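Thanks for coming, everyone. Please have a look at the sequence and the model on the screen.

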Amino acid sequence: MPSGQLMTMPLLIVNMGGEMVYILEQRLQAQKIPEAKGQKVLSDVVRTMYYPRFIEELFKPQDMYSVHSTRQIFDKLAHSSIMRLNESSMDKLFDLMAMGFKYQIMSCITPQELVDVTFNHLDVLKRLVGSAAPVIELLNECTRQMQLAYASMTVADYAVMRQCLCTFFQDRKVKVSLFLHNHTQNSDGSIIVPSGGVLAANALPPGTVRYFQSGAEIDREQLPTAGGGAWTPGAGARTHLG
């Protein structure tokens, strides 16, 4: 099975693509574009993004693209409909897409949640394209490819994927008004990592010390830690991110 490093591109493209469609939908609504015309624009973009041959190539094991090469992909996708964006608008769109996904990466409690975030993006896209059955089938096929690619991946490979994505976005610190308003971004553009929330399933609270003897746990104690009480046990529910 390919290593996590070689299977990072599908997560990058599908999630950033989902963010792109969200932003385009908001812009279409803000410009009061008729619903039917707006839905056609979104369906055209999603249809191109999930074209079978493109998805087939995307899920082949490969190294991460550069930021420049990734930007070129989305330049073509954004102009696959009747909509046209100038370079300045495309710059802003790409920055918002990147910061949206970066925030989700930093907010994931475990690397495995990256796949759940991707499924959430696909689910929302199905709602946005409405009754366009051929487009929905393309999204369903991508969901199947996701399940095949990541269902049996090891924890170590998930961790490598997350590290690759963090490296990709490391120096991108574009200020987003919504993030600044919600206090999820600092004034220098860096993302504020959650210091509390719900723990991953079967994870122990910070400060837990377990004592073993002959391979068996004989005692356990909870040491006081800064912010340890901000975490609550998790039941393994799917993340809402995405």
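Predicted model: local features only at pLDDT ≥ 70, side-chain atom pairs only at ≥ 80, totals over all residues.

The protein has 9 helices and 4 strands. Their order is simple. The C-alpha atoms fill a box of roughly 65 × 40 × 35 Å along the principal axes. There are 242 residues, and 42% of them are buried. Now take the contacts between residues at least 6 apart in sequence. Of these, 74% join residues at least 24 apart.

Next, helix α1, residues 9-30. Does its length fit its residue count, or what span should we expect? With 22 residues at 1.5 Å each, α1 should span 32 Å. The C-alpha atoms at its ends are 31 Å apart, so the two agree. Of those 22 residues, 17 are buried, so α1 is largely enclosed by the rest of the structure. After α1 comes Lys32, with a positive phi near 55°.

On to a helix pair. Look at α6, residues 113-128, and α7, residues 133-150. Their axes come within 10 Å and cross at roughly 170°. Angles over 145 degrees count as roughly antiparallel, and α6 and α7 are therefore roughly antiparallel to each other. Which residues meet there? From α6, they include Val115, Phe119 and Leu122. From α7, they include Ile136, Leu139 and Met146. By type, the residues of this contact divide into 9 nonpolar, 4 polar and 1 charged.

Now α8, residues 155-169. This helix has 15 residues and reaches 21 Å from first C-alpha to last, close to the 21 Å expected. Its buried residues include Tyr158, Met161, Leu165 and Phe168. Where do the buried residues sit around the helix? Seen down the axis of α8, they fall within an arc of 155°, so they line one face. What covers them includes α1, α4, α5, α6 and α7. The face turned away from that buried side carries Val155, Ala156 and Gln163, which are exposed.

Is Ser107 buried or exposed? Its relative accessibility is 9%, so Ser107 counts as buried. Leaving aside residues up to four places away in sequence, Ser107 touches Pro194 and Leu241.

That's my tour. Over to you.

How values were computed:
Residues numbered from 1 in each chain as written. Heavy atoms only, no water. Axes fitted to C-alpha atoms, helices over the stretch in contact; angles between N-to-C directions. Helix = DSSP H or I, 4+ residues; strand = E, 2+ residues; numbered from the N terminus. Parallel < 35°, antiparallel > 145°, perpendicular 65-115°, else oblique. Contact = heavy atoms within 4.5 Å. Nonpolar A, V, L, I, M, F, W, Y, C, P; charged D, E, K, R; others polar. Expected span 1.5 Å × (residues − 1). Buried < 20%, exposed > 50% of the residue type's maximum accessible area, 1.4 Å probe, protein only. Arc of directions from axis to C-beta.
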